[in-house]
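Opened the model today and jotted down what I looked up. Notes follow.

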Amino acid sequence: MSNMIKVDNLWFRYSRDSEWALQGINLEVKKGEFLCVLGSNGCGKSTLAKHFNSILVPEKGDVWVEDINTKDDDRLLDIRQKVGMVFQNPDNQIVATVVEEDVAFALENMGVPTREIRVRIDEAMEAAGILKYKDRAPHNLSGGQKQRVAIAGIIAMRPDCIVLDEPTAMLDPNGRAKVIKTIKQLNRDYGITVVLITHYMDEAAQADRVVVMSKGKIEKIGTPREIFSQVAWVKSLALDVPQTSDLAYQLNQHGYNLSTEAISIEECAAQLYKFLEE
Ligand SMILES: Nc1ncnc2c1ncn2[C@@H]1O[C@H](COP(=O)(O)OP(=O)(O)OP(=O)(O)O)[C@@H](O)[C@H]1O
Ligand SMILES: [Mg+2]
């Protein structure tokens with residue numbers, strides 16, 4: 001599979017006299033994958049994400065978006081069009097007073113023809129599940145609905161990749177579930193490459209691959225099963241594991257012998273059922 005983003009020995013610090021926030025990061029984000037980035041507070045997740053669409057550029061090393069080096073100023077618009085970013089606070093991302101105008105905002109600035117804008121924003125609002133709110137005022141929507149308006153604004157740009165930095169951190173469980181469902185649909189049905197930064201392990205468990213960061217470095221990359229089955233190691237980084245792996249882990253601490261690889265609720269339930277039968 002070809003790369004959407006390639007990070008090659010990336011070093012970055014915010015100023016000459018501060019610590020390196022990123023220390024020799026190497027990473028390939030494959031086209032079409034759903035990649036999740038985990039790590040404790042301050043380990044450099046957001047700093048890394050901002051390198052994916054040239055909000056930040058490396059001090060040493062390189063970041064490539066397909067074949068474009070993010071240091072190439074002449075290609076900034078191409079990069080921003082290929083890789084869209086969604087941030088934590090939906091209020092900071094909403095600019096217009098009507099939902100559909102908000103979704104259209106960037107396209108108007110890009111000079112996309114009016115008829116084309118109509119098609120694209122309808123498609124984007126449909127994909128984000130907000131078509132029914134199109135005439136509403138964004139500030140009257142819930143956090144989860146607002147976050148989906150922000151996502152629709154990015155979809156309307158028809159990006160190949162969306163990077164979401166803790167998009168569900170400020171949402172209630174219902175809003176969070178709807179946002180995650182939307183993200184998964186964009187990945188599965190529209191083939192958009194997704195990079196999701198989250199502190200929620202149940203979200204990470206749904207990704208194709210998980211990147212675990214600590215102190216400006218990547219510690220491990222693997223499938224959710226490979227990562228979360230190593231419960232003691234994950235916890236040593238001050239991170240949680242999904243409740244399913246944790247349940248098996250806790251029971252094993254009391255002398256049982258269950259697999260921590262059962263990370264979906266169905267697998268976990270099946271394992272417990274079998275165990276109780278025996
Ligand atoms: N604008 C900034 N100026 C100076 N230092 C910064 C800036 N933003 C982040 N840092 C520092 O860089 C390091 C990495 O921060 P970053 O925000 O990337 O971590 P994070 O993994 O996203 O954390 P969190 O989980 O809290 O969002 C931290 O030490 C942080 O204090
Ligand atoms: Mg962050």
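I call a residue buried under 20% relative accessible area, exposed over 50% and partly exposed in between, using a 1.4 Å probe and protein chains only. This is a predicted model, where local features need pLDDT of at least 70, side-chain atom pairs count only at pLDDT 80 or more, and totals for chains, interfaces and linings use all residues. Residues are numbered from 1 along each chain as its sequence is written, chains are lettered from A and ligands numbered from 1 in the order in which they are written, and side-chain values use heavy atoms, with hydrogens and water left out.

**S54.** I checked S54 and found 10% relative accessibility, so S54 counts as buried. S54 sits in the loop between α1 (45-51) and β4 (60-65); helices (H or I, at least four residues) and strands (E, at least two) are DSSP runs, numbered from the N terminus. Setting aside neighbours within four places in sequence, I see S54 in contact with T70, L76, I79 and R80 (contact means heavy atoms within 4.5 Å). The S54 side chain also reaches the backbone oxygen of T70 at 2.8 Å.

**Ligand 1.** Which residues surround ligand 1? I listed Y14, A21, S40, N41, G42, C43, G44, K45, S46, T47, E166 and H199, each with a heavy atom within 4 Å. For oxygen atoms of ligand 1, I noted a backbone N or O atom of G44 at 3.0 Å, a side-chain N or O atom of K45 at 2.7 Å and a polar side-chain atom of T47 at 2.5 Å.

Terms used: A polar contact is a pair of N or O atoms within 3.5 Å; within protein, one must be able to donate a hydrogen and the other to accept it, and residues adjacent in sequence count only if both atoms are side-chain atoms.
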